[in-house]
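Here is a short briefing for a reader new to this structure. Please look over the sequence and the model before reading the points.

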Amino acid sequence: MQLRPFTGTYLTDPGVVWRELLHAPADVHFADDLGLWLISRHEHVRRAFANAEAFSSALTLAPVYEMCPEALAVVARLDVPPTTAAADSPVHVRTRGALRAIFANTAPRVADEYGPIVHRRVAELVARIADRPGGTVDLMPEFATLLPLLVVVDILGVPERDVPRIRSWADEQIALIWGQPDPSEQVRLAQGLLDFWHYCQALVARRTAEGATGDDFVSRALRHRAGDNTVLSTAEVASMAFNLLVAGHETTAGLLAHGLDRALSEPGRWARIAANPDEVPAYLDEVLRFGPAIDGWLRVTRLPVTIGGVTIPAGARCLLLIGAANRDPAAFADPDRFNPARTARRGHLSFGYGPHFCIGAALARLEARVALVRLAEAMPELRLAPGHQSRFKPNLAFRSHRTLLVTKPRSSQRT
Ligand code: HEM
């Protein structure tokens, strides 16, 4: 079969394709347009995430197509050591352990360590939008993408003036790995990736030279390693910064965009968010289930794996279709209905599962909750612009809105 992720139905309405896959007789499918095995049932996707022995992460961040030789030559100069998302055991156990020590990843720690940053940045952006004259505003660049980016640069101790280039580098990295750029574009994107990596290396070198005394992520990581490469090398610290700057913002931007899009489309939902902020965590979990910010994620088999009578050979790249798994009727009753009151909503796989479970899930949840509630409180009259239609960037993993145009009244109250 063919998935055709960059055109047609999968791009505009992936739920239709997920339903077809889930209702097909075979449990797994080979997409010959991509050379990838598709795993779509909830139980199989969960097991694949859980089983790092059979499903390696080594190629999780490797492009999904054959790169042209010129782009490959640029990429060959990227000496980024694998940490967390692209690492397998034993490296993964070590780097994830270090990351958990340095980066807050439970709800209480996140509220304590990053809560003040999140509240300050949300207030700043909401006030900026409120102060604008009435008319059309694109919430993607001005809110959904910018907020998580500002939060992650604050956490990492990156100067705010560098936000525009980090935003472009992150977009380019996502397009290079999971998009379909033509060869000349591949070279440009690969060069951007190399510049981004050098930037992260320079950031670590700067913090090292300053004595790593600050409270930012990089200084904390340097203090944690205490000069011991068996804990973490300085290149691994740079690699973590390189990954967090992308993982920490494009994903949460997707969650916010999906959450805003639905809240502003569904009659009464926007007012309800402002009136009942306690309901927002459940609402966001259903947003995550129904339209995950990452709806497909890669693994490569280390050994032959049999699923539903089909054997996937060793060395095969597999796309774990998180979006499909989240709509599997075997896991969720009436799965194609958006229903924040459902009890099983936390069984979704939008943050992965098992050893690589998202380290930023608690941060993403906090950011999205505070952002939605504050914006709804400050601008109850915000509406989607007439004729708005959700359109996504062509990408195999990240389901990112191109725009989110809203109309705002002339003056809005401040938070
Ligand atoms: C809605 C927002 C987010 C979504 C949907 C999301 C999704 C995911 C998924 C699916 C994985 C599993 C990857 C795998 O199994 O290979 C993952 C891992 C990861 N995420 Fe997130 N993420 C989000 C937010 C964040 C944030 C805010 C951060 C950090 C600031 C972050 C950092 C990471 C890291 C470092 C990993 C790798 C963990 C490991 O391999 O051990 N993510 N995320």
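**Arginine 262 and its surroundings**

Leaving aside neighbours within four places in sequence, arginine 262 is in contact with Tyr283, Phe290 and Phe338. Contact means heavy atoms within 4.5 Å. This is a predicted model: local features need pLDDT of at least 70, side-chain atom pairs count only at pLDDT 80 or more, and totals for chains, interfaces and linings use all residues. Residues are numbered from 1 along each chain as its sequence is written, and side-chain values use heavy atoms, with hydrogens and water left out.

- Arginine 262 sits in helix 14, residues 250-265. Helices (H or I, at least four residues) and strands (E, at least two) are DSSP runs, numbered from the N terminus.
- Arginine 262 counts as partly exposed, because its relative accessibility is 26%. Buried means under 20% relative accessible area, exposed means over 50%, and partly exposed lies in between (1.4 Å probe, protein chains only).
- Arginine 262 and glycine 15 are 247 residues apart in sequence. In space, C-alpha to C-alpha, arginine 262 and glycine 15 are 15 Å apart.

**The chain as a whole**

- The chain holds 18 helices and 10 strands.
- A compact globule of 415 residues would have a radius of gyration near 22 Å; the chain has 21 Å, which agrees. The radius is taken over C-alpha atoms, and the globule rule is 2.2 Å times the number of residues to the power 0.38.
- The C-alpha trace spans about 60 × 60 × 45 Å along its principal axes.
- Of the 415 residues, 57% are buried.
- Take the contacts between residues at least 6 apart in sequence: 73% of them join residues at least 24 apart.
- The accessible surface comes to about 16,900 Å², and 54% of it belongs to carbon and sulfur atoms. These areas come from the Shrake-Rupley method with a 1.4 Å probe; for residues, only the protein chains shown count as cover.
- There are 46 positive and 44 negative side chains, and the centres of the two sets lie 3 Å apart. Lys and Arg count as positive and Asp and Glu as negative, while His and the chain ends are not counted. Each charge is placed at NZ of Lys, CZ of Arg, CG of Asp or CD of Glu.

- Two strands pair if DSSP finds at least two bridges between them.
- Strand 1 pairs with strand 2 in the antiparallel sense over 4 bridges. Valine 28 has isoleucine 39 in strand 2 as its bridge partner.
- The hairpin of strand 1 and strand 2 has 4 residues between the strands. Here glycine 35 takes a positive phi near 70 degrees.
- Strand 2 (residues 36-39) runs parallel to strand 8 (residues 317-320), joined by 3 bridges. Tryptophan 37 stands opposite cysteine 318 in strand 8.

- Strand 4 and strand 10 are antiparallel and share 4 bridges. Glycine 135 stands opposite lysine 408 in strand 10.
- Strand 9 and strand 10 (residues 405-408) are antiparallel and share 2 bridges. Leucine 384 has valine 406 in strand 10 as its bridge partner.
- In a regular strand the side chains alternate between the two faces of the sheet.

**Backbone details and prolines**

- Most residues other than glycine have a negative phi, and most peptide bonds are trans.
- A cis peptide bond joins serine 89 and proline 90, with omega about 5 degrees. Proline 90 lies in the loop between helix 4 (69-75) and helix 5 (91-102).
- Threonine 84 is in the loop between helix 4 and helix 5. Its phi is positive, near 35 degrees. Threonine 84 is buried, with a relative accessible area of 14%.
- Proline 281 lies in helix 16 (residues 280-290). Proline 281 is partly exposed, at 38% relative accessible area.
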